[in-house]
Amino acid sequence: MAIISCSFLLIFLMSVVSFPHFIDASVSDACTAAAAKSPNVNHDFCVTSLQVDPKSASANYVGLAEIATKLTSENATSTKAKIKDLLAQPGNGNIKPELSTCQDLYSEMIDSLSDAAKAISSFHYDDAMTYLSAALDAPADCEDTFSEKGNASVLSVEDANAKQLTAIALAFLNI
């Protein structure tokens, strides 16, 4: 009986270790894999972003997806605060409708990212990818809001960063 239990345990451990989501990788190698998986991932941006979190050095792909999701959420929260400040400035009256739309989009993005983080921690990776995909739409939709009105976006940097971080999290879950 003990031999069967040990054999089962050994087979289980080998399957967990060989499963791609659980392979430890350096941040640079992981970002190379993510960039190969998704044309939306910039390797250098990926490395620079993830190295902000010391846990990334020893994280597996799922851990890196969690870190990227957390960073995206922080970015979205910061962007939403910036939008609030821009809405309060009297000189931005001509772009208030666009800013209001972007504020709503970032609120929805934050909710989607929260749901994605919960799904990742619960090992529901398909659900996490659905939530991350929804979050990925917000920055592009925000940019579209400005361009549809013929206005230059005042959030182009934030939108690009949010899009990139979300794409990174998605790519790690697809590896």
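At 8% relative accessibility, D53 counts as buried, where buried means under 20% relative accessible area, exposed over 50% and partly exposed in between, computed with a 1.4 Å probe and protein chains only. The model is predicted, so that local features need pLDDT of at least 70 and side-chain atom pairs count only at pLDDT 80 or more, while totals for chains, interfaces and linings use all residues. Residues are numbered from 1 along each chain as its sequence is written, and side-chain values use heavy atoms, with hydrogens and water left out.

The overall architecture gives the setting for this residue. The protein contains seven helices and zero strands, and its elements run α-α-α-α-α-α-α from the N terminus on. Helices (H or I, at least four residues) and strands (E, at least two) are DSSP runs numbered from the N terminus. Of the 175 residues in the protein, 41% are buried.

The structure holds two salt bridges, a salt bridge being a side-chain nitrogen of Lys or Arg within 4 Å of a carboxyl oxygen of Asp or Glu. In one of them, the side chain of D53 meets that of K70 at 2.9 Å, N to O. This pair links distant parts of the chain, since K70 belongs to helix α4 and D53 to the loop between α3 and α4, 17 residues apart. K70 is partly exposed, with a relative accessible area of 38%, whereas D53 is buried at 8%.

S56 is buried, its relative accessible area being 2%. Its side chain reaches the backbone oxygen of D53 at 2.8 Å, and the side chain of S56 also reaches the backbone oxygen of L50 at 2.8 Å. Both are described as polar contacts, meaning a pair of N or O atoms within 3.5 Å; within protein, one must be able to donate a hydrogen and the other to accept it, and residues adjacent in sequence count only if both atoms are side-chain atoms.

The other salt bridge joins the side chains of E158 and K82 at 2.7 Å, N to O. E158 lies in helix α7 (residues 156–174) and K82 in helix α4, so the pair ties together parts that are 76 residues apart in sequence. E158 counts as buried at 18% relative accessibility, while K82 is partly exposed at 30%.

Helix α7 also contains L173, a buried residue with a relative accessible area of 4%. L173 and D126 are 47 residues apart in sequence, and their C-alpha atoms are 8.5 Å apart in space.

Another serine, S26, is placed in the loop between α1 (2–18) and α2 (27–37). S26 is partly exposed, with a relative accessible area of 35%. A polar atom of the S26 side chain lies 3.1 Å from the backbone nitrogen of D29. The C-alpha atoms of S26 and S58 are separated by 7.3 Å, although these residues are 32 residues apart along the chain.

Among the members, D144 lies in helix α6 (residues 125–148) and counts as partly exposed at 37% relative accessibility.
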